[in-house]
Amino acid sequence: MRFLPDWESITVSVIGLGYVGSCVAAALTDQGIRVVGVDNDASLVAELTAGHCRFREPGLPDLLARGITSSRLSVTTDYDAVSSTDIVIVAVGTPVRPDGALVDTQLRGACEELARGIRPGQLVIFKSTVPVGTTRGLVAPLLESSGLSCGADFGLAFCPERLSEGVALSELRRFPIVIGGWCQDSVDAAAVFWQKSIGVDVVPCGSVEAAELVKLTNNWWVDHNIALANELAQVCARSGVDVLEVISAANSIPKGEGSVNVLLPSVGVGGSCLTKDPWMLWRSARELGVELRTIPVARTVNDSMPGFTVRLIVEELAKLGRSPETATIAVLGLAFKNDTGDLRATPVAPVVAALRQAGAQVRLYDPLVTAGETEKTFGSGQAESLREAVRDADCVAVLARHKQFDAVDFAEVRRAAAPSCVVVDGRAYYSRDMIDRLRELGFSYRGIGR
């Protein structure tokens, strides 16, 4: 097959060993494929070479370490190593400016480096999220500055990453891979590669632009859905009903080819994708002469949830006769998502900042986040233990419910906390039985829309 050599000797390079690139490299080496990882961050390369993984993704550290030990995975800062591989996968960061415009520094740098060493017959696959038209308008011309022609001398495909932190390796092995190719040969080669390497189904698209829009559409939908849930939660709070009960019942009917699927409300939306990808699409649409009005609305709703959570905490403290200036608040869970240690754009940060500005003493605790990461994002360290965090606390705010917190003995927390204490559920989604148990122990309880 054109752009795909003899499978028995196939080699792959992965450019960009961040979260996505590391997961892809690990999954491929786990299937026995020899992979060269390339990253400009010398400290990251040194850590991986030494067997250390800075990403807290279940199973990822072990897979990367096995890949290094078996020599199926090698990591370097030297792009020269890419030329000898058959498949090149690019997974560099693609941040955006406040107006949604792509900051193409990493993407452009990777393409320029590739152009210096790309060789005939290689297949280049891009996974980095980009505005529609980027592959055709930026990537291809940069690669063709090598003197080789896209689609004739080398293959080019766009296969967006669609992984969720905490379950990325599992999703990588079962989610269909979307493929948009420069030409049919590129699509065919990419399809065979993904099917034979990690055994997943593929979804071919008619153009690279269609594939670019798939990822943006996925995250547009998620952000809108969460915004709906967050506003519904505010209605439920005023109505005295449980938003989770409403959502569960609403989701019980089929609609179209699936079912109604309202997601869950929370303290806010964070991470590196949902907070930027909708704006990337909004900017792309504007440049095409289309004004997407729903994206700014959804983003405003979701960005408002940390403030909503702060007001909820203040209201509950007032019911206990406490003001923020005299209150001690224990924040359990600092990450933007349950069961991860990722603090990128975490909505917990503005909650903590606002509570401190109001005069509250705030103690932080998250077993998945290092002290250095906490200091960098929150400007202070963590409590030495959960017991220390909740000592004399007037409020225990569970803003990310990690599995480790399922073992928390709230009877012990009750003994350590202040005589009157409220549990605020920002992303724990406690069951009615658990809420009844908390109240039996003497806690007040308040959740987002509950």
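Leaving aside residues up to four places away in sequence, arginine 414 touches Pro419, Ser420, Cys421, Leu441, Gly442 and Phe443, where a contact means heavy atoms within 4.5 Å. Keep in mind that this is a predicted model, with local features needing pLDDT of at least 70, side-chain atom pairs counting only at pLDDT 80 or more, and totals for chains, interfaces and linings using all residues. Residues are numbered from 1 along each chain as its sequence is written, and side-chain values use heavy atoms, with hydrogens and water left out.

| Residue | Helix | Helix residues |
|---|---|---|
| Arginine 108 | α4 | 105-117 |
| Arginine 414 | α16 | 410-416 |

Helices here are DSSP runs (H or I, at least four residues), numbered from the N terminus.

Arginine 414 is buried but has no salt bridge. Buried is under 20% relative accessible area, exposed over 50%, partly exposed in between (1.4 Å probe, protein chains only); a salt bridge puts a side-chain nitrogen of Lys or Arg within 4 Å of a carboxyl oxygen of Asp or Glu. For arginine 414, the nearest side chain of opposite charge is aspartate 394, 8.2 Å away.

Arginine 108 counts as partly exposed because its relative accessibility is 31%. Again not counting residues up to four places away in sequence, arginine 108 touches Leu138 and Leu142.

Then there's α7, residues 184-197, which spans 20 Å from first C-alpha to last, close to the 20 Å expected (1.5 Å times one less than its number of residues). Its buried residues include Phe193 and Trp194. Just after α7, glycine 199 takes a positive phi of about 70°.

Notes:
Helix = DSSP H or I, 4+ residues; strand = E, 2+ residues; numbered from the N terminus. Lys, Arg positive; Asp, Glu negative; His and termini not counted.
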